[in-house]
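Below is a report on one structural model. It covers a helix, the metal sites, the pockets and some backbone details.

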Amino acid sequence: DYAASAGDAWQLHGGSDEGDLSNELSLLGELDDAVANGEIEVAYQPKLDLATDRITSVEALVRWRHPTRGYLRPDLFIPIAEKGGRITGLTLAVLERTIADLEAWAAAGTPVTGAVNLSAKLVASREFMGLVRERIERAGIAPSMLTFEVTESAAMTDPAGAAAALGAFRALGVRISMDDYGTGQSTLSYLKQLPLDELKIDRSFVQFAHTNRGDAVLVRSTVDLAHELGLKVVAEGVEDAPCLAYLRSIGCDMAQGYLISRPVPANALAELLAIQDAQAAA
Ligand code: C2E
Ligand code: MG
Ligand code: MG
Ligand code: MG
């Protein structure tokens with residue numbers, strides 16, 4: 001049980017009520033300094049492999065340690081960064097941090113793979129693709145240790161373009177995951193067309209899968225469909241044990257959520273991995 005040892009170290013602030021225009025403009029102005037000053041931090045949330053009961057993978061979730069406002073949640077500043085043309089720099093900062101931490105965990109003898117979230121705007125960006133290629137060539141880990149999570153909306157604006165762009169990322173050796181699956185408008189044909197390795201079922205379906213018949217049908221059939229297409233399935237937002245047991249019973253591959261662990265700082269994640277290794281050896 002990792003939940004007890006992994007309390008959330010972040011007191012996150014943010015939300016639509018705080019998102020007025022003057023606030024947005026000042027945050028946008030501060031964002032460049034934030035990247036330069038190292039205020040952009042990364043929290044890691046484990047993905048639990050249900051076949052082995054081990055943490056084999058983590059998702060990188062960006063946090064901004066703002067000098068006066070405290071920790072800011074991504075929902076508050078990612079949209080501002082996207083609109084203000086700062087998302088490339090921000091995502092690169094997250095990618096570089098993640099690669100460095102993956103390298104450190106591998107060096108410590110507790111290797112895990114890591115996922116970085118990609119804004120829709122970056123999926124088709126040639127500039128970003130070039131920067132990613134550079135970082136991956138320099139990295140001390142195999143490209144297959146890295147996954148990019150993209151949402152359906154990223155793929156939906158231009159499905160053919162998205163398929164080509166994601167294929168180019170995949171040609172670098174990184175894995176592609178479809179995030180928040182079920183909340184967008186993607187059709188079965190897009191699912192077949194896109195070069196994917198993983199599907200993450202959105203929390204809104206997962207949460208009640210073990211108590212609501214409709215949600216159960218959706219989650220179970222999505223797991224089966226994904227498996228038929230050769231994709232791994234991750235259930236996000238798992239908050240209680242009966243939910244996890246249900247996911248196990250239907251053959252879901254991985255689970256992520258507060259039950260397993262909240263997003264934690266890199267050093268806390270290293271501790272989780274060390275404890276897990278010690279338990280396996282005992
Ligand atoms: P996401 O990629 O779907 O990440 C999952 C979000 O759900 C995270 O919120 C996580 O803390 C939260 N979560 C995880 N498990 C549970 C659970 O059991 N219950 C509940 N209620 N929530 C859970 P967070 O960290 O605030 O991130 C929100 C969104 O911001 C992410 O959704 C992702 O779309 C975006 N994001 C985060 N980091 C980045 C980044 O580096 N770049 C981009 N473009 N987007 C990012
Ligand atoms: Mg994600
Ligand atoms: Mg998600
Ligand atoms: Mg989600």
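Helix α1 bends by about 35 degrees at E30. The bend at a residue is the angle between axes fitted to the seven residues ending there and the seven starting there. Helices (H or I, at least four residues) and strands (E, at least two) are DSSP runs, numbered from the N terminus. Helix α1 covers residues 21-36, 16 residues in total. At 1.5 Å a residue it should span 22 Å, and its end C-alpha atoms are 24 Å apart, which agrees. The expected span of a helix is 1.5 Å times one less than its number of residues. N23, E24, L27, L28, L31 and A34 are buried in α1. Buried means under 20% relative accessible area, exposed over 50%, and partly exposed in between (1.4 Å probe, protein chains only). An α-helix has 3.6 residues a turn, so residues three or four places apart point the same way.

This is a predicted model: local features need pLDDT of at least 70, side-chain atom pairs count only at pLDDT 80 or more, and totals for chains, interfaces and linings use all residues. Residues are numbered from 1 along each chain as its sequence is written, chains are lettered from A and ligands numbered from 1 in the order in which they are written, and side-chain values use heavy atoms, with hydrogens and water left out.

**Metal sites**

Donors are N, O and S atoms within 2.8 Å of the metal (3.2 Å for Na, K and Ca); water is not among the atoms, so sites may look incomplete.

| Ion | Protein donors | Distance |
|---|---|---|
| Magnesium ion (ligand 2) | E59 (OE), N117 (OD1), E149 (OE), D179 (OD) | 2.1 to 2.2 Å |
| Magnesium ion (ligand 3) | D179 (OD), D180 (OD), E236 (OE) | 2.0 to 2.3 Å |
| Magnesium ion (ligand 4) | D180 (OD), E236 (OE) | 2.3 to 2.5 Å |

Which residue bridges the magnesium ion (ligand 3) and the magnesium ion (ligand 2)? D179 does, and the two ions lie 3.8 Å apart. D180 coordinates both the magnesium ion (ligand 4) and the magnesium ion (ligand 3), which are 3.1 Å apart. D180 in strand β7 and E236 in the loop between β9 and α11 are 56 residues apart, so this pair links distant parts of the chain.

The donor residues of the magnesium ion (ligand 2) are spaced E-x57-N-x31-E-x29-D in sequence. Within that set, E149 in strand β6 and D179 in strand β7 are 30 residues apart. For the magnesium ion (ligand 3) the spacing is D-D-x55-E. There, D179 in strand β7 pairs with E236, 57 residues away in the loop between β9 (232-235) and α11 (241-249).

D179 has 7% relative accessibility, so it counts as buried. E236 is also buried, at 12%. E149 is buried as well. D180, at 24%, counts as partly exposed.

**Pockets**

On a 1 Å grid over the protein atoms alone, a pocket is an open set of points where a 1.4 Å probe fits, with protein on both sides within 12 Å along at least five of seven lines; lining residues have an atom within 4 Å of a point. A volume is the space filled by probe spheres set on the points, which are joined across faces, edges and corners.

The largest pocket has a volume of about 1,200 Å³. Its lining has 39 residues, and E59, L61, P74, D75 and N117 lie nearest its centre. The elements that give two or more residues to this lining are β3 (54-66), α2 (74-83), α3 (87-107), β5 (113-117), β6 (146-151) and β7 (175-181). By class, 15 of the lining residues are nonpolar, nine polar and 15 charged. Ala, Val, Leu, Ile, Met, Phe, Trp, Tyr, Cys and Pro count as nonpolar, Asp, Glu, Lys and Arg as charged, and the others, Gly among them, as polar.

Residues lining it include D49, T56, R175, K232 and M254. Four of its lining residues are nonpolar, three polar and five charged.

**Backbone and contacts**

D180 lies in strand β7, and its phi is near 50 degrees, a positive value in a residue other than glycine. Phi of D53 is near 60 degrees, again positive in a non-glycine residue. D53 sits in the loop between β2 (40-49) and β3 and is partly exposed, with a relative accessible area of 41%.

I55 belongs to strand β3. I55 is buried, with a relative accessible area of 2%. I55 and A255 are 200 residues apart in sequence, yet 9.6 Å apart in space, C-alpha to C-alpha.
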